[in-house]
Amino acid sequence: MNPLARYPRQLRVEVCLALAAYSVALQTFELGFILAVAAIASGYMSEGPRGRTLPRWAATVVALGIAGWTLVIFLNNPLPEETMALIGRLACLLATLRLFERRTAKDDRQVVMLCVVAVVAAALYSFQLLFGVLVIAFAAQTIRMIMLNRLRTGFDAARNHRQKIVASSPVPPLEVPTGRAPVMQFRVLAVICTLAAFLAASVVFVIFPRTTGARGRTLGMRTGFAPRVELGRADQIEQSNREVFTVRWSDPRGEPIKWPQPLLLRGAVLDQWDPVDREWVADQSRRGRRRSIRTVETDGSIEDFTRLGSLSPPLTAYTQTVTMRSLATERVFARWAPVSIACDESRTFIFNPSSFEITDSATGRLGRFSTYRLKVLPSPNQQELLDIAGGSLPPNRPRTRGFPVPGVREEAERILLERAPELLEPADPDDPETVWQRSRRIADVFTEYLRGPDFSYTLDLRRVTIRQDQDPILSFLLDQRLGHCQYFASALCALCQSMSVDARVVTGFVAVEYDDTLDHYVVRESNAHAWVEVRTGRISWREFDPTSSDVLEELQAGRRSWADEFRWIYDRFDFLWNSRIVAFDGDVQATLAEEASSVAQTRAEKLFDWVRMTANRVNRYFMLGPAGYIWLGVVFVVIVVAVITVFTVVRRRRMIRTVIGRAPNRVLREAGFYLDLLDAFSRAGFPKPSHRSPMAHVEILRERRPDLAEAAAPLVDLFYEIRFGGRRLESESRRRAESDARNLLLIASRREAEVP
Amino acid sequence: MRYRYQVNLAGVLYLVITLLVGLAATIRPNNILVWVFGLLLALIAISGYVSGAALFRMSARRVDPGHGRVGRPLTVRYAVRSGSRRVPLFDLSVSEIEGGSSSDWSRFSRPDPAWVMHVGPNEVTHAESVLVPNRRGRMRMDRFAASTSFPFGLLGKRVIVSQPLETLVHPRTIPLSTEAIDRLFTGGGDGDRSGRSAGSVGEYAGLREYRSGDSIRSIAWKRSHSATVPIVIQRATPSPRRMQIMLDLRRATGELRLPEGIDGRAREEDAITLAASIAETVILAGGEVGLQVAGSDIPDVRAQSGRRHLDRLLTTLAGIELDAPRSSDQVSIPALRSGVLVVVHVDRVDPSLGHDSAVHLMPASIETLRMDRDDRRGETAPAIDETLDTTGAVA
């Protein structure tokens, strides 16, 4: 048994890990499964007892075919974002193919390199926990594999050299050490290297310069809440069943109830379309909105509610209790319309009365299993809304002047002409009720239109081609008619705004999964949703969801499985992975640095205080007065010097023991000059080899450095007398010997330049 | 010891990949890429530390290989000691450094580097390097280098150890046909001498009076009864065949009378090879061989048998310095009764060197004496009568 005994198997493990990581990242399980089976089978087909390897020419032909096929795929659909995925797939295929060839250590290095390319390419597309675990496992295996490959390279080179020797008699074969010791020491070294590399990598990970607010945004998409609606990305949104939080909905008596309709929990409100960046943003230009923003502080008790506006929670208010599970966000998810808030931690919340948005002032800190409660009025009247919002009332007419994308209004007029032509007539501006009623009816018509059979819901937009010169909302309305909830909500909001109806896009979660046992809703990342609010009164807004609730429920029902019962285990780790690793950005880095600095400063202050108090106490005990501090300083210096001296002596004695082997302490103490002697030889450029005796070395030295040899000879004699002759040195002799050794060092240094 | 670093191609590629991954991690804030980048950086540091901790505390020395022989593998061993108390040493390659001040590597084939897979902490392991000497003579090795690029092959580390060592390379020996060697003994060389050992072992040789020191068991009691003094039985063991080889190197290389185009030095080496081959064959067959080098101040070697004596003979032949000045002084011819005399000449036969029954050989004779494949299978060797006359000169 030697470290190379299982080398081929280790290489197959390496390839399989790379294939698994790539498959998980790119969701190509069929390809990964087939290639992994092939990789495992290669052990029997090419390296088994009757194994046959693939001829080099055949492997080259197949490799060229794979490369050509990949190139054709790329040329057919030259998407830059797909390039690395193709490269990764090519690397996976080539690495698997290579396992069937007759390989040298150099070929194995290429296989490892191909695996690394595949995993690095996959890292651009995924940030899942499972992928992260596979990357870590792959990294550990790669380190071990590289080390094994070095051994294999050395062994192959030595064996090839040996085989090339031509002699008239047989050449002894190359021997490889066997036994447990080499294997165990290799394993231990590999483990230590891996741990050290992981530790250092983590340090680099923490201190690496970051983009503030990145939060893994450039990674692959997956379902989940985002406080923005960004259209224009034609990729597939991965379903995520991660549990985000739970919601308990209680009636005014405190009894938990299940809401008859899907529960819409508002997170962010966006009312302005940016045609350049192709995203919905919150309109920041309205100064009144900023001025009216309020801050609300909770006292850390989950029972003590703090009012968001001037309205005290009426007895008819419902209670919404949210327990965060895995989402780290500053947003508070609330049902329309929140009246007051309580939290189990002391926090400062920001309340926007115009949109009823609530956010935590500490960015990204609301999470980590904290709980907050809200008093909510599901159907507030006008006065109650006024009390919550406070401030000045908005004008009793729509503020929207239209939608900034040409073509949307024409489409809206076409729809209205087709379904409700009377709504094309403008309402009497002097009669607000007519205006608001018209807004409501227009929104109803558009909602029905978007829920019609012409539009389809999908999370896979890879087949959709969005032209750069065309607005994605207009493209959705006129051409593709295919998209997810953000497209539906954007289209409804755009149609409404184009007809001068106040509308805004709301993102948040829709709770549909009710746990009857625990009496609460379970909200998952896949429940992230976008819908529309249309202004239907001077201060009231009404929700319109153009996405069919049937579609949402159908999607939810299709994803349920027995594994969801145990999903919380995975979710715990997934939460840590996402919050600590994936979401680690410049903000978190700065926070971490501040905390570390604060901790260090606190510790330093505590240490300083302790030293000062101790000094005070000692000084008082001995009643030394002000001069006592000087004495304490002197004692401290003496102790430090003593410690350094002891350390130096012990270290020097250990070095002597290393050089001359086991010897009595007396010899170690008296033969200290021998170290200087050896140092002088080294300094002169003639280090003494360990196999040569000091006397023989001095004799050899006589030819090259007679002066040094002349000076060293008495010291060598003295060393022999101490080491082997049992001579005891008096302190005077010892000092003289040490002085001579120091002089020897000077001689060695002085004549160094003259040595040829 | 001198320490050296060298950058491998693999290390350069690794650095390029690391930079690319770092660039990707900078441009695209992907945290997994950042971690991978950190890992790649960490491996560079760990590689330097691990190999440095093990290699730079290592000590190595070359073990004297004794002597080699031309054309035969010579195993040179290196005792490698890992000085580190904790870190083992892996994948260590030890190779001789050519082009040293005193070494002459044209004499040898390219040395095979010694490779050792593992040296445990504070352990000594022997690494073996095999080289095949091409020429006879003194072999000088000056420095050797111990190198490794373990654990990751990014950076090669090298320790150069200076340890001058001289060893002898014996001349090439060629297996000769025993029958052809038998022919060389035609003129005598055995049967007329008794062994030096006395005692009750051996064949009956005669009777004599008792002398002090004779074993009491050798007394012939019946004959002693009628004699006035004790009579003992004289016994003798048959003497092994004895050969005295005289190598004629009286003429300097430049003065050899050779046809145009023939390298004189090569002929001299061939002559030495012939002498060595005859000596080896005779000694391995149980004979005694002595050596005399005419024209050189190398002392004569008395005829003896045994492998140790063979080594002595080969060492003498290996020590012949062909560049040294030759002397053409009178050569003492060994006595006829001391065995058969074989004179090996370089260029031409000189019958004055040796008595009448001496056998004179030229380097070309080796082809005639050589054991061919058939002979090695036990078949009859070709007769050499046609190629040798009474003076032994090649026809």
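1. A definition to start with: two strands count as paired if DSSP finds at least two bridges between them. Keep that in mind for V296(A), whose bridge partner in β11(A) is F349(A). The strands concerned, β6(A) and β11(A) (residues 348–352), pair in the antiparallel sense over 4 bridges. Please remember while reading on that this is a predicted model.

2. That pair belongs to an open sheet in chain A, where 4 strands follow the order β6-β11-β12-β9 with antiparallel pairing. At the edges sit β6 (294–297) and β9 (331–332) of chain A, each of which pairs on one side only.

3. A word on chain A as a whole. Its secondary structure comes to 22 helices and 20 strands. Of its 756 residues, 37% count as buried. If you take the contacts in chain A between residues at least 6 apart in sequence, 75% of them join residues at least 24 apart.

4. Still in chain A, have a look at helix α20 (residues 694–704) and helix α21 (residues 706–723). Their axes come within 9 Å and cross at roughly 165°. Angles over 145 degrees count as roughly antiparallel, and α20(A) and α21(A) are therefore roughly antiparallel to each other. The crossing of these two helices is left-handed.

5. Which residues bring α20(A) and α21(A) together? From α20(A) come P694(A), M695(A), V698(A), L701(A) and R702(A), and they meet P706(A), L708(A), A709(A), A712(A), A713(A), V716(A) and F719(A) of α21(A). By class, this contact of α20(A) with α21(A) holds 11 nonpolar residues, 1 charged and no polar ones.

6. Now for the place where the two chains meet. Here 53 residues of chain A are in contact with 46 residues of chain B. On the chain B side, the elements that give two or more residues are α2, β2 (59–63), β4 (74–81), β5 (89–96), β6 (114–119) and β7 (124–131). The largest share, 15 residues, comes from α2(B). Sorted by class, the chain B residues of this side are 27 nonpolar, 12 polar and 7 charged.

7. Helix α2(B) (residues 31–55) deserves a point of its own. Its axis and that of helix α7 (residues 180–207) of chain A come within 7 Å and cross at roughly 130°. The two helices, α7(A) and α2(B), are therefore oblique to each other, and their crossing is right-handed.

8. To inspect this contact on screen, pick out C193(A), A196(A), A197(A), A200(A), A201(A), S202(A), V204(A) and F205(A) on α7(A). On α2(B), the contact residues include V34(B), W35(B), F37(B), G38(B), I46(B) and V50(B). The contact of α7(A) with α2(B) has 17 nonpolar and 2 polar residues, with no charged ones.

9. Lastly, some strands of chain B. Strand β5(B), one of the elements on the side that touches chain A, runs antiparallel to β8 (residues 137–148) of chain B and is joined to it by 4 bridges. Within that pair, S95(B) stands opposite A145(B) of β8(B).

10. Strand β8(B) is also joined to β9 (residues 155–170) of chain B, by 11 bridges and again antiparallel. One of the residues involved is S147(B), with R158(B) in β9(B) as its bridge partner. Strands β8(B) and β9(B) form a hairpin with 6 residues between them, and G153(B) in the turn has a positive phi of about 70°.

Key:
Residues numbered from 1 in each chain as written. Chains lettered and ligands numbered in written order. Predicted model: local features only at pLDDT ≥ 70, side-chain atom pairs only at ≥ 80, totals over all residues. Axes fitted to C-alpha atoms, helices over the stretch in contact; angles between N-to-C directions. Parallel < 35°, antiparallel > 145°, perpendicular 65-115°, else oblique. Left-handed = near helix turned anticlockwise from the far one by under 90°. Contact = placed C-beta atoms within 7 Å. Nonpolar A, V, L, I, M, F, W, Y, C, P; charged D, E, K, R; others polar. Buried ≥ 20, exposed ≤ 12 C-beta atoms within 10 Å, placed from the backbone.
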